[in-house]
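Hello,

I am passing a structure on to you, as you will be working with it from here. Have a look at it first, and then read on for what turned up.

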Amino acid sequence: MSSPFRKLNPLLHSELRLAIMSLLMELDEADFSYIKEKTGATSGNLSIQFEKLSEAGYIEIEKGFLGKKPRTVYRITGTGSKAFSEYVDALKSYLNLP
Amino acid sequence: MTDNMNTTDFTPEKSLQLISEMIEKSRKDFEKDSGTPMIVWGLTVTAVSAAVAYLLMTTGNPYWNFLWFAIPAIGYPLAYFTYGKKDEKRAKNFLGTAISGVWGTFGVLSILIAVIACFFFNEAIGYITPMIILLLGFSTTLTGLFVRNYVISSGGFITAVAGSVLSIAVSPETMPLLLAGSAVIALLIPGIILNLRKK
């Protein structure tokens, strides 16, 4: 008999990565300092998670400059958006949501 | 929420709560000060329009119409110092981009209409004011619809319709007063509503 619970994507089922993805789902793009401020995570920890999400093709990273200051911008990709929607659908199976 | 936001697994309930929390955080961020640009431009348009009306009525000299260009000349520096400086957007969302696009288009079209009107000078005032009021009302209606505030969208719609119709009835000298009134209904009041809503 198959389980009524759908498997949760392990890459998204982690507090900081899910927070990053939730923010980026709502935004067209955000830079490092914005995400750092909203998540309250340390720079080192954030960088590691960005790298993991980027390797999976869930986000794209654009390095550039704002005036003379370096600025890194993050955007969710189509693959990331689809994975997030599937993750939310899977969550519903645990919480008995329609 | 510092390093408690670690990478260990957590419950589905907590996941859902975190998703809602993050979405709410980013939305609130965009609502903050969203009415300030409308207040700044509303005050500028109202003040310049009232000044043009006063000068046209007291002197009867149509060259005072050149004072309309004080709107961008005062408005843009004022916008830069009141909200533009801190507006180096660290994040963008669709709503913000759409609203900026609507008002940016309104600004460009209004300046373009005013420049074209300079070629037809004396007669032009009778045509440019209704056009600008119509565009102003349209832009406010769209903004209200985007932020789902029907007081703002209704104000914009009333401005577009009533402002344009009334402009047929008033004299060229008093027409700037109509624009001043439109700026109060379509810019100043919606701006105040938006800023009060975030609190």
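Let's begin with A:Gly78, which counts as exposed because it has 9 C-beta neighbours inside 10 Å, and the cut-off for exposed is 12 or fewer. Please keep in mind that this is a predicted model. A:Gly78 belongs to helix H4 of chain A. In sequence A:Gly78 lies 19 residues from A:Ile59, and in space the two are 8.6 Å apart, C-alpha to C-alpha.

Next, the place where the two chains meet. Here 27 residues of chain A are in contact with 26 residues of chain B. On the chain A side, helix H1 (15-26), strand S1 (29-31), helix H2 (32-39) and helix H4 (78-95) each supply at least two residues. H1(A) gives the largest share of that side, with eight residues. Sorted by class, the side of chain A that touches chain B holds 12 nonpolar, eight polar and seven charged residues.

The chains are also linked through their strands. S1(A) and strand S1 of chain B (residues 91-92) run antiparallel and are joined by two bridges.

From H1(A), A:Leu16, A:Arg17 and A:Ile20 meet A:Asn45, A:Gln49, A:Lys52 and A:Leu53 of H3(A). This contact has three nonpolar, two polar and two charged residues.

Chain B has a helix pair to show you as well. Helix H2 (residues 36-59) and helix H3 (residues 70-84) of chain B pack at about 150°, with their axes 10 Å apart. That angle makes H2(B) roughly antiparallel to H3(B), since the cut-off is over 145 degrees. The crossing of H2(B) and H3(B) is right-handed. Among the residues that meet there are B:Trp41 and B:Val45 in H2(B), and B:Ile74 and B:Leu78 in H3(B). By class, the contact between H2(B) and H3(B) has 11 nonpolar, four polar and no charged residues.

Happy exploring, and do write back with any questions.

Best wishes

Technical notes. Residues are numbered from 1 along each chain as its sequence is written. Chains are lettered from A and ligands numbered from 1 in the order in which they are written. This is a predicted model: local features need pLDDT of at least 70, side-chain atom pairs count only at pLDDT 80 or more; totals for chains, interfaces and linings use all residues. Two residues are in contact if their C-beta atoms, placed from the backbone, lie within 7 Å. Helices (H or I, at least four residues) and strands (E, at least two) are DSSP runs, numbered from the N terminus. Ala, Val, Leu, Ile, Met, Phe, Trp, Tyr, Cys and Pro count as nonpolar, Asp, Glu, Lys and Arg as charged, and the others, Gly among them, as polar. Two strands pair if DSSP finds at least two bridges between them. Axes are lines fitted to C-alpha atoms, for helices over the stretch in contact, and angles run from 0 to 180 degrees between N-to-C directions. Angles under 35 degrees count as roughly parallel, over 145 as roughly antiparallel, 65 to 115 as roughly perpendicular and the rest as oblique. A crossing is left-handed if the near helix is turned anticlockwise from the far one by less than a right angle, and right-handed if clockwise. A residue is buried if 20 or more other C-beta atoms lie within 10 Å of its own, exposed if 12 or fewer, and partly exposed in between; C-beta atoms are placed from the backbone.
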